[in-house]
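Reader: Hey, can you walk me through this one? I'd like to start with the sheet and then move on to the helices.
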Amino acid sequence: MKRKDERFLMRVADMYYNDELSQEVIADKLNVSRTTISRALSNAKKAGYIKIVLDFPSASSVEIEKQLEQTYNIQEAGIALTSAADDPVYEVCKTAARYLARVLKNDMIIGLTWGRTMKQLIDAFEKEQLGKTLKIKGVQVVPFLGTNAPAAEEYDIIRLTYSSLLSSKLSELIRGINYSLPAPMYVQNPELKKLLLQEPEISRTLDKARQCQVALFSIGDLSEQSAVGCLSDGVAETLQDLKKKGGIGETLGRVFDRNGNTIESDFNDHIIGLSLEDLKKIPTRVCIVYDDYKIEATKIALKNGLINVLITDDKIAEELLKD
């Protein structure tokens, strides 16, 4: 920039940073275009007139978030700092709820799967009263999976975590439009699945789910702690068989291998919901994880493109960055 422009650069910088005027207002006052003001600020920074100091708190998640984004080439990582938290799980779900509130837009279609993590996400969204501050309309909320009665009484809590129930609750909180998926998540007879998929309401909801811009889900492992194992008698044993065939993790009721691909088996013929291939086509795929036993499965899902937005805590983030 020529020396005769130095005064102009300093004047623009002063008006923008000290007077806190917008670029539009400065452009109007100095009778130039907004593009000229933007260019002047950039040149003032290059000339050394502007030195920006970021004074974050000593406990900040910014650096580890950047490392995760670069390591796994994902859109965004949101890390909850939980070392001093009374309820680390809530901190993760609150971070996820705030992310969701930030990205929601008019007429957006969002979908979610099932499980404890999804329920805690919706609970945090409600507790933080995030829906009350949103000025959006026409958001459509779609369940990714059908509904099942658990196989045993000790799994009664799981009844509160099904996809259709959670999508209904979220749509209520954001004053959106809810879609119902009136079908079981798991059917004993594959022929029944074929018949159910021909039902107009079921097929319409699944088609709508495939149109989602944002997917909300978590990752499961194939241990005895997996919620999928309680869907029906014999499912837990089937999951262990799939693990022997190379299964690493599960999401949407689909078991995936080290390449992030669905392990083909008869088990898939019993699940009513989106497939992993459907999930991969959704532009923003938000995974929320807070259980350390899911680290290996999460790492595989990150490496293979199942996840492109990760919400987790600092301890799991550090493990994910290890070789």
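Author: Helices (H or I, at least four residues) and strands (E, at least two) are DSSP runs, numbered from the N terminus. The model is predicted, so local features need pLDDT of at least 70 and side-chain atom pairs count only at pLDDT 80 or more, while totals for chains, interfaces and linings use all residues. Residues are numbered from 1 along each chain as its sequence is written, and side-chain values use heavy atoms, with hydrogens and water left out.

Reader: Got it. What's the strand order in the open sheet, and is the pairing parallel or antiparallel?
Author: The order is β1-β9-β8-β5-β2-β3-β4, 7 strands with parallel pairing. At the edges sit β1 (76-80) and β4 (177-178), each of which pairs on one side only.

Reader: And how many bridges between β5 and β8?
Author: There are 4 bridges, in the parallel sense, between β5 (residues 214-217) and β8 (residues 284-288). Phe-217 stands opposite Cys-287 in β8.

Reader: Switching to helices. Which residues of α2 are buried?
Author: In α2 (residues 23-30) those are Gln-23, Ile-26 and Ala-27. Buried means under 20% relative accessible area, exposed over 50%, and partly exposed in between (1.4 Å probe, protein chains only).

Reader: Why are they on the same side of α2?
Author: Because they cover an arc of only 100° around the axis, the arc being that of the directions from the helix axis to the C-beta atoms. On the other side of α2, Asp-28 and Lys-29 are exposed.

Reader: What do the buried ones pack against?
Author: Against α1 (6-18) and α3 (34-46). Contact here means heavy atoms within 4.5 Å.

Reader: At what angle do α2 and α3 pack?
Author: About 105°, with the axes 8 Å apart. Axes are lines fitted to C-alpha atoms, for helices over the stretch in contact, and angles run from 0 to 180 degrees between N-to-C directions. The two helices are therefore roughly perpendicular to each other (65 to 115 degrees; under 35 is roughly parallel, over 145 roughly antiparallel, the rest oblique).

Reader: Which residues meet there?
Author: From α2, Gln-23, Glu-24, Ile-26, Ala-27 and Leu-30 meet Arg-34, Ile-37, Ser-38 and Leu-41 in α3.

How values were computed
Pairing = 2+ DSSP bridges.
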